[in-house]
Amino acid sequence: MAKALKTNVLRHLDAAKIPYETREYAVEEDVFDGKLVAARLRLDPAIVWKTLVLTADDRSHLVCVIPVDRELDLKAVARATGHKSVAMLPQKELLPLTGYVRGGCSPIGMKKAFPTFFDSAVEALEKISVSAGVRGCQVILSAESLLAETRASVAPLCRE
């Protein structure tokens with residue numbers, strides 16, 4: 001697909017000279033289901049990942065990126081990040097903090113660089129798909145490039 005849509009994420013990847021491809025899909029206003037996104041894109045849900053923003057007990061923020069078909073384990077995140085506890089960021093705070101809306105949050109190009117953590121399942125992937133910074137568009141790139149560009153750590157973050 002041609003790179004017609006230019007989001008902050010894609011501009012960031014272009015500037016870093018990281019190769020990628022984009023895929024667009026139809027969005028339903030009140031539907032936020034990553035497995036549905038994977039199905040619409042005809043991609044294996046194991047390579048389609050969602051970006052979640054959390055607040056730690058010390059009021060700092062962190063980013064967790066996990067497969068769309070998995071569920072975040074807050075205790076595992078706290079252990080992996082060295083915090084006593086973590087909680088999901090309230091939805092109303094997402095746009096002002098990151099510059100992204102729910103369903104369009106990407107680990108690339110947030111307003112500020114936050115500590116970023118990928119679930120350890122990323123180690124088995126060559127390619128990964130994350131939001132391109134808007135609902136209705138995903139960016140697919142090498143997992144290695146994404147980890148390097150986001151300066152991410154890798155740890156078990158999901159419920160078994």
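Author: A pocket is an open set of 1 Å grid points where a 1.4 Å probe fits, with protein on both sides within 12 Å along at least five of seven lines; lining residues have an atom within 4 Å of a point. The structure is a predicted model, in which local features need pLDDT of at least 70 and side-chain atom pairs pLDDT 80 or more, while totals for chains, interfaces and linings use all residues. Residues are numbered from 1 along each chain, and side-chain values use heavy atoms, without hydrogens and water.

Reader: How much space lies in the second largest pocket?

Author: Rolling a probe the size of a water molecule over the atoms shows where empty space is left. The volume is the space filled by probe spheres set on the points, which are joined across faces, edges and corners. For the second largest pocket, this space is about 280 Å³.

Reader: Which residues lie nearest the centre of the second largest pocket?

Author: The lining of the second largest pocket consists of 14 residues. Those that lie nearest its centre are P107, G109, A113, E149 and T150.

Reader: Is S131 buried or exposed?

Author: Away from its own stretch of sequence, not counting residues up to four places away, S131 touches V9, G103, G104, C105, S106, C137, Q138 and V139; contact means heavy atoms within 4.5 Å. Buried means under 20% relative accessible area, exposed over 50% and partly exposed in between (1.4 Å probe, protein chains only). Because its relative accessible area is 5%, S131 is buried.

Reader: Why is strand β2 described as largely enclosed by the rest of the structure?

Author: Strand β2 covers residues 49-56, eight in total. It is largely enclosed because the number of its residues that are buried is six.

Reader: Which residue of β3 is the bridge partner of L54?

Author: Strands pair if DSSP finds at least two bridges between them. Seven bridges join β2 to strand β3 (residues 61-67), and the two run antiparallel. Within this pairing, T51 stands opposite V65, while the bridge partner of L54 is L62.

Reader: Which residue in the turn of the hairpin formed by β2 and β3 has a positive phi?

Author: The hairpin has four residues between its two strands. A positive phi of about 70° is found in this turn, at R59.

Reader: Which residue of β4 does T55 stand opposite?

Author: Besides its hairpin with β3, β2 pairs with strand β4 (residues 86-88) over three bridges in the antiparallel sense. In β4, the residue opposite T55 is A87.

Reader: Do β3 and strand β5 pair in the parallel or the antiparallel sense?

Author: β3 is mostly covered, with six of its seven residues buried. Over three bridges, β3 and β5 (residues 116-119) pair in a sense that is parallel.

Reader: Which strands do the buried residues of α3 pack against?

Author: Helix α3 spans residues 74-81 and is followed by G82, whose phi is positive, near 75°. The buried residues in α3 are A76, V77, A78 and T81. They pack against β2, β3, β4 and β5.

Reader: How far is A80 from V154 in space, C-alpha to C-alpha?

Author: A80 is found in α3 and is partly exposed, with a relative accessible area of 32%. Not counting residues up to four places away in sequence, A80 touches F117, A155 and L157. In sequence, 74 residues separate A80 from V154, yet C-alpha to C-alpha the distance in space is 8.7 Å.

Reader: Which residues does A121 touch, not counting residues up to four places away in sequence?

Author: A121 is found in the loop between β5 and β6. At 31% relative accessibility, A121 counts as partly exposed. Its C-alpha is 8.7 Å from that of V154, a residue 33 places apart in sequence. The residues that A121 touches beyond four places in sequence are W49 and P67.
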